[in-house]
Amino acid sequence: MMYDTLFLDRDGVLNRKIDGGYVLTPEDIEILPGIPLFLKWAHQTFRRIIVVTNQRCIGRGMISLADIQVINQAIDNKTGNYISKFFVCPHLDEDNCCCRKPKKGLFLAAAEHYVINFQKSWMIGDSETDLIPAKELSMSTVFISGKDSIFADQTIPLTADLLRTFKSLTQTK
Ligand SMILES: [Mg+2]
Ligand SMILES: [Zn+2]
């Protein structure tokens, strides 16, 4: 298989980011355009789909890890149940943990859970902090952004373009 694992950031990739706030209840979840169809395709193309997400709202005491897991499950349900597992960093910057992106800990935790070939894996994120650890692990990257980045192999402004972008990548490789 040409593709191994598809890693995804959560907020700003699967669901709309809340300006200056956090997704704290399932009612806050707004799935972004094109995501369910893209994940349906990706599920047939990749061995597995994994979400790696920083949630410092847990460290700030705004929500429990259990309630984050309820929200993650709701996101999975709303997008077709294609996600194998969510890996969550609950820490604050000042905790200096080894999992808060741009550190690699969430990806390494995933590799303890699954046999992962990072060189055949992709990361999709809307922040450079998503792409930096992916590049350190020799993964390919897609940046959902209006700006380009030296850490991005592909940059697209909207999630609605993900399916078309990946289909053309599959054809040209
Ligand atoms: Mg994000
Ligand atoms: Zn952490």
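## Helix α3

Let's start with one helix. Helix α3 covers residues 65-78, and its 14 residues should span 20 Å at 1.5 Å a residue; the end C-alpha atoms are 20 Å apart, which agrees. The expected span is 1.5 Å times one less than the number of residues. Helices (H or I, at least four residues) and strands (E, at least two) are DSSP runs, numbered from the N terminus.

Four residues of α3 are buried: I68, I71, N72 and I75. They sit on the same side of α3, because they cover an arc of only 100° around the axis, where the arc is that of the directions from the helix axis to the C-beta atoms. A residue is called buried if 20 or more other C-beta atoms lie within 10 Å of its own, exposed if 12 or fewer, and partly exposed in between, with C-beta atoms placed from the backbone. The buried residues of α3 pack against α2 (56-59) and β3 (85-89). On the face turned away from that buried side are the exposed residues A66, Q69 and N77.

## About the model

This is a predicted model, in which local features need pLDDT of at least 70 and side-chain atom pairs count only at pLDDT 80 or more, while totals for chains, interfaces and linings use all residues. Residues are numbered from 1 along each chain as its sequence is written, and chains are lettered from A and ligands numbered from 1 in the order in which they are written.

## Overall fold

The chain has six helices and six strands. Read from the N terminus, these elements follow the order β-α-β-α-α-β-α-β-α-β-β-α.

How does the radius of gyration of the chain agree with that of a compact globule? A compact globule of 173 residues would have a value near 16 Å, and the chain has 15 Å, which agrees. The radius is taken over C-alpha atoms, and the globule rule is 2.2 Å times the number of residues to the power 0.38. The C-alpha trace spans about 45 × 30 × 30 Å along its principal axes. Of the 173 residues, 36% are buried. Looking at contacts between residues at least 6 apart in sequence, 58% join residues at least 24 apart; two residues are in contact if their C-beta atoms, placed from the backbone, lie within 7 Å.

## Core and helix packing

The largest nonpolar core has 43 residues, and F7, L8 and I49 have the most contacts inside it. Such a core is a set of buried Ala, Val, Leu, Ile, Met, Phe, Trp, Tyr and Cys residues joined through C-beta atoms within 7 Å. Beyond its neighbours within four places in sequence, I49 is in contact with L6, L8, L39, A42, H43, Y82, I83 and S84.

In helix α4 (residues 105-113), the buried residues are L106, F107 and A110. They line one face of the helix, because they fall within an arc of 100° seen down the axis of α4. Their packing partners are β1, β2 (48-54), β3 and α5 (128-136). Over in helix α1 is F38, which counts as buried because it has 27 C-beta neighbours inside 10 Å. F38 is in contact with L162 and L163, leaving aside neighbours within four places in sequence. F38 and F107 are 69 residues apart in sequence and 22 Å apart in space, C-alpha to C-alpha.

## Annotated aspartates

The UniProt annotation "active site", from an unreviewed entry, covers D9 and D11. UniProt positions follow the numbering used here, feature names are shortened, and annotations may be inferred rather than shown by experiment.

D9 lies in the loop between β1 (5-8) and α1 (35-45), and D11 is found in the loop between β1 and α1. D9 counts as buried because it has 23 C-beta neighbours inside 10 Å. D11, with 19 C-beta neighbours inside 10 Å, counts as partly exposed. Not counting residues up to four places away in sequence, D9 touches V52, T53, I124, G125, D126, S127 and D130. D11 is in contact with K17, V23 and T53, leaving aside its neighbours within four places in sequence.

## Backbone details

A few backbone angles are worth a look. G80 follows α3 and has a positive phi, near 105°. N81 has a positive phi of about 60° although it is not a glycine; N81 is in the loop between α3 and β3 and counts as exposed, with 10 C-beta neighbours inside 10 Å.

S138, also not a glycine, has a positive phi of about 65°. Where is S138 found? S138 is in the loop between α5 and β5 (140-144), and with 11 C-beta neighbours inside 10 Å it counts as exposed. Finally, the peptide bond from K101 to P102 is cis, with omega near 20°, and P102 is found in the loop between β3 and α4.
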